[in-house]
Amino acid sequence: MGGKDRILAVKTLTIEGEGENPNLGQNITPDAPLTVWKVTEFKRVIDPPKSRMRATQVRTAQFPFALATVVNQNMALDGDVAWNVNLDGNSTRLSDRAAFDRRMELLHHPLTILRAALDPGAKLSNFRKDGDQELVDVTTAHGDSLTLALDAITRLPLSVSSMTDQPNLGDVAIKTSFSQYEDVNGMKLPMRFTTKIDKWVQSDIRVSKNTLNGDAADLAAPAALSASLPAPANPPVEVTVEQVAPGIWWLAGSGNHRSVVFAFADHLTLFELPESEARAKAVIEKTHSLAFGKPLTEVIVSHHHFDHSAGLRVAVSEGLTIITQSGNAAFFKDLAARKHTIVPDDLARNGGAPPIRIRTVDDQLVLKDEAMEVDLYHVKDNSHCDTLLMGWVPRDHILVQADLYDSGWLKYPWADNLKANVELRKLKVGKDVPIHGRIESYADVLKRMQEKQ
Ligand SMILES: [Zn+2]
Ligand SMILES: [Zn+2]
C-alpha cells in the first residue's frame with residue numbers, strides 16, 4: 001500500500017463517492033433481491049490515529065415508500081462514543097452495541113486495519129493461505145477481532161471481516177471487499193468497497209475521490225455527549241391495551257408497532273409480535289394478563305419484514321404456533337434455527353429449542369370457533385410485500401392490516417391496493433385496527449388516502 005511509514009503518517013483520509021445501500025430484511029419476498037436506497041453525496045472522513053470517523057450521505061429510496069424518500073444521514077464515531085446528528089444538528093448517543101458496529105466499520109478499510117495491525121498492542125494470529133489469498137486474524141489493542149485477507153501476489157488488502165449480532169439473523173459475518181486500487185500520493189487506496197452482512201450486500205460504494213490529510217474539520221465527540229450515557233441496549237417498551245370489541249384487544253404504546261389479541265373459546269391468538277425481542281416479550285406478558293386463564297397458543301405473523309418478524313424467535317421459544325403466508329415458511333424456519341451466541345436471545349439461552357411449528361396460509365384461512373372468527377387473506381399484487389396477510393373479523397367488520405395504511409404516513413402508495421383487496425374479498429369494512437398508526441373508521445381511511453395518494 002506504500003509501506004508502514006506512510007500508513008502510520010496518515011492523519012486523515014477523506015473518501016467521497018456514491019453507490020447503493022440495499023435494505024436488509026425488506027424485500028418483496030424472503031428470496032427476492034433487496035430493495036435499494038441509492039446513495040449520493042457519500043463522504044467518510046477518518047482520523048486513524050484517534051479512531052474517529054464521520055460519515056455523511058444522502059439516500060433516496062428506489063422503491064415505493066410512505067415516509068421521506070430522501071434521507072440525510074450523519075453518523076459519527078470517536079473511540080467508544082458513537083452518535084448520529086439529525087437535521088436540526090442535535091446529536092444522539094447510540095448504544096455500546098452500535099458503537100462496536102461503527103468501530104468495526106472504521107476498521108473495514110485497508111488503511112485502518114493495517115494501522116491497527118501495526119499497533120504494538122495488537123495480536124496477529126492464525127496466518128494461513130487460501131488459494132491466492134493470505135489471511136491473518138487481528139485482535140486490535142482495543143480487543144476487537146477481525147480477519148484481514150491479502151492478495152498473495154499484489155499484497156494489497158482484499159477484504160476485512162468481523163462478526164456481529166443482527167437481532168433477526170443472530171451471529172453474522174460482516175465482510176467488506178476492496179478493489180480498484182488507485183495511487184494517491186504514493187499510497188494505494190481502493191476505489192470500491194462492497195460490504196456484505198451474511199449473504200446480503202449492505203453497502204456498495206464507488207469512490208470518486210480519496211484525499212489524504214485533507215481538512216477534516218472537527219471529528220471529536222462533543223464533551224456533553226461523551227459525558228452522557230450510551231443509549232440502553234434494550235430501551236424500555238410500553239404496551240397499552242385498548243378493547244376494540246368483545247374478545248378483541250389492540251396493544252399499542254411506545255413506538256409505532258401494534259399487536260391485536262383475539263380470544264377464542266379456549267385459547268388466545270395474537271396478530272403480530274413486532275419490533276424487537278423486548279417488545280415481543282412485553283406483548284406476550286400483557287396478553288397473558290388479559291383473558292381469564294386462556295392460554296396464548298398462536299401468533300399470526302403478517303409478513304417476513306424484519307420489523308414485523310422481530311418476535312418470531314420469542315414465539316418459538318414460547319412454543320407458539322406461527323401462522324403466516326406459505327412464502328415465509330422456509331425463511332422463518334431458517335430464522336428460528338440460526339445461532340445467536342454473540343447476543344443470546346431467549347431461544348438461544350433455552351438451548352434445546354422447541355421445533356418451530358408453522359401453519360401456512362396460501363390464499364385464505366378461517367380461524368373459527370363458537371367465540372371468535374378471524375379470516376386471514378393473502379394480500380394480492382402488493383408492491384411492498386408479496387407474502388403479506390391481512391385479518392378480517394366478520395362479526396365486527398374489523399380489518400387488521402400491516403403496511404397497507406398508517407394514519408401517520410406522508411403518502412399512500414398502496415391506497416389502490418388496499419381498496420382492491422378489500423373489494424376482492426367483498427369486505428364491508430367498518431374499522432381499521434392497524435399494526436401501524438391508530439384505529440380509524442374505514443371512511444376516514446379512504447378519505448385520508450384520497451387526500452394524500
Ligand atoms: Zn413491511
Ligand atoms: Zn411495517
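**Close-up views of a predicted model**

**View 1. Helix H3 and its buried residues.** In H3, the buried residues are Pro110, Leu111, Thr112, Ile113, Leu114, Ala116 and Ala117. Buried means under 20% relative accessible area, exposed over 50%, and partly exposed in between (1.4 Å probe, protein chains only). Helices (H or I, at least four residues) and strands (E, at least two) are DSSP runs, numbered from the N terminus.

This is a predicted model: local features need pLDDT of at least 70, side-chain atom pairs count only at pLDDT 80 or more, and totals for chains, interfaces and linings use all residues. Residues are numbered from 1 along each chain as its sequence is written, chains are lettered from A and ligands numbered from 1 in the order in which they are written, and side-chain values use heavy atoms, with hydrogens and water left out.

**View 2. The nonpolar cores.** A nonpolar core is a set of buried Ala, Val, Leu, Ile, Met, Phe, Trp, Tyr and Cys residues joined through side-chain atoms within 4.5 Å. The largest one has 38 residues. Met1, Ile15, Leu111, Leu148, Met187, Leu189 and Leu212 touch the most other members. Apart from this core lies another, of 35 residues, among them Leu251, Ile284, Val316 and Ile322.

**View 3. Strand E19 and its neighbours.** All 5 of the 5 residues of E19 (residues 321-325) are buried, so the strand is largely enclosed by the rest of the structure. Strand E18 (residues 296-300) runs parallel to E19, joined by 3 bridges. Two strands pair if DSSP finds at least two bridges between them. Val299 stands opposite Ile322 in E19. On strand E20 (residues 357-361), 5 bridges join E19 in a parallel run. There, Arg357 is the bridge partner of Thr321.

**View 4. The zinc site.** Four protein donors hold the zinc ion (ligand 1): His303 (NE2), His305 (ND1), His384 (NE2) and Asp403 (OD), lying 2.1 Å from it. Donors are N, O and S atoms within 2.8 Å of the metal (3.2 Å for Na, K and Ca); water is not among the atoms, so sites may look incomplete. Asp403 bridges this ion and the zinc ion (ligand 2), and the two ions lie 4.1 Å apart. His303 sits in the loop between E18 and H6, and Asp403 in the loop between strand E24 (398-400) and helix H9 (415-424), 100 residues apart. Both His303 and Asp403 are buried.
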